[in-house]
Amino acid sequence: MMDLNDENPRALELRISRGFNLASFNPHGISTFIDSDDTVYLFVVNHPEFKNTVEIFKFQEEDNSLLHLKTIKHELLPSVNDVIAVGPAHFYATNDHYFSDPFLKYLETYLNLHWTNVVYYSPNEVKVVAEGFDSANGINISPDKKYIYVADILAHEIHVLEKHPNMNLTQVKVLKLDTLVDNLSIDPSSGDILVGCHPNGQKLFIYDPNNPPSSQVLRIQNILSEKPAVTIVYANNGSVLQGSSVASVYDKKLLIGTLYHRALYCEL
């Protein structure tokens, strides 16, 4: 956890309640939900021993700890990448592959099957609400809660989907970009979308320390308009930051995360 209101923010590891298996904890995408009574829930995609679960925690501010509430597994969640929470036990999740078996995942990508999807989960209903992506990756929601944004990393696209009262989604538009789009976050002050990107995907998977993967962060303004404005917020050839995967902004402070390097804190 980082408090970006601090003059010199520092990352603080949150203690997790007893009984939760930390040895196999392998976190991936995360999301928070703040309930009407100000309870903060943290949703974490987890890959314990190469499996796929979503863990729900309650944030306990008095001692900066996480109380584990629930582990969610479901046959419609075979390869979860990211989640966006929309209730205390309700979320949309992206599957970046259709299969969970490693060989079938490889075959699926090689054959370019477009079988990945977005799933809505609630305690009463679980259903596929959008499909046909190359590889559905980052997911987020507009500030007015009317639209869901999905990054299709291999297709270099961001999909805008309208959310309906029954939680189904219908596609509104697709924004094509010339970079691999990984995770999406929302600027709370403007509603702009911040995108962690990979300008050269090959360097991610064939790592060469003498020619490391570069980093790129894009800001997308007015995505629903005919011509959204796309600007570069941060770019680096890998000398400072390698493989940017996510960027989050708050009050002109920017935090960039990476696949396997480090995080970078910037003041805009």
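How much area do domain 1 and domain 2 bury between them, and what share of it is on carbon and sulfur atoms? The figure is about 2000 Å², with 70% of it on carbon and sulfur atoms. The legends below describe a predicted model.

**Figure 1. Two domains make up the chain.** Domain 1 covers 1-176. Domain 2 covers 179-267. Their C-alpha centres are 19 Å apart. On the domain 1 side, 26 residues make contact, and they meet 22 residues of domain 2.

**Figure 2. The interface of domain 1 and domain 2 has polar contacts but 0 salt bridges.** The rule finds 6 residue pairs in polar contact across this interface, both residues at pLDDT 80 or more. Five strands each give at least two residues to the side of domain 1 that touches domain 2: E6 (80-87), E10 (136-141), E11 (147-152), E12 (157-163) and E13 (169-176). By class, that side holds 15 nonpolar, 6 polar and 5 charged residues.

**Figure 3. Strands E12 and E13 form a hairpin.** The two strands pair antiparallel, over 7 bridges. Val 160 sits opposite Lys 173 in E13. Between the strands lie 5 residues. Met 167, in the turn, has a positive phi of about 75°.

**Figure 4. An open sheet is built from 5 strands.** The strand order is E1-E5-E4-E3-E2, and the pairing is mixed. E1 (15-16) and E2 (27-34) stand at the edges; each has a single partner strand, so one side of each lacks a neighbour in the sheet. Strands of a sheet pair through backbone hydrogen bonds, in parallel or antiparallel fashion.

**Figure 5. Strands E3 and E4 run antiparallel.** E3 spans residues 40-46 and E4 spans residues 53-60. They are joined by 6 bridges. Tyr 41 faces Lys 58 of E4 across the pairing.

**Figure 6. Arg 15 and Asp 63 form a salt bridge.** The closest N and O atoms of this pair are 2.9 Å apart. The two residues come from distant parts of the chain, 48 residues apart. Arg 15 is in strand E1, whereas Asp 63 is in the loop between E4 and strand E5 (65-72). Side chains of opposite charge can pair when their charged atoms come close. Over the whole structure, the search finds 6 salt bridges. Between domain 1 and domain 2 the count is 0.

Notes: Residues are numbered from 1 along each chain as its sequence is written. Side-chain values use heavy atoms; hydrogens and water are left out. Domain bounds come from an automatic or database domain assignment. Contact means heavy atoms within 4.5 Å. Buried area is the accessible area (1.4 Å probe) that two parts lose on being put together, summed over both. A salt bridge is a side-chain nitrogen of Lys or Arg within 4 Å of a carboxyl oxygen of Asp or Glu. A polar contact is a pair of N or O atoms within 3.5 Å; within protein, one must be able to donate a hydrogen and the other to accept it, and residues adjacent in sequence count only if both atoms are side-chain atoms. Helices (H or I, at least four residues) and strands (E, at least two) are DSSP runs, numbered from the N terminus. Ala, Val, Leu, Ile, Met, Phe, Trp, Tyr, Cys and Pro count as nonpolar, Asp, Glu, Lys and Arg as charged, and the others, Gly among them, as polar. Two strands pair if DSSP finds at least two bridges between them.
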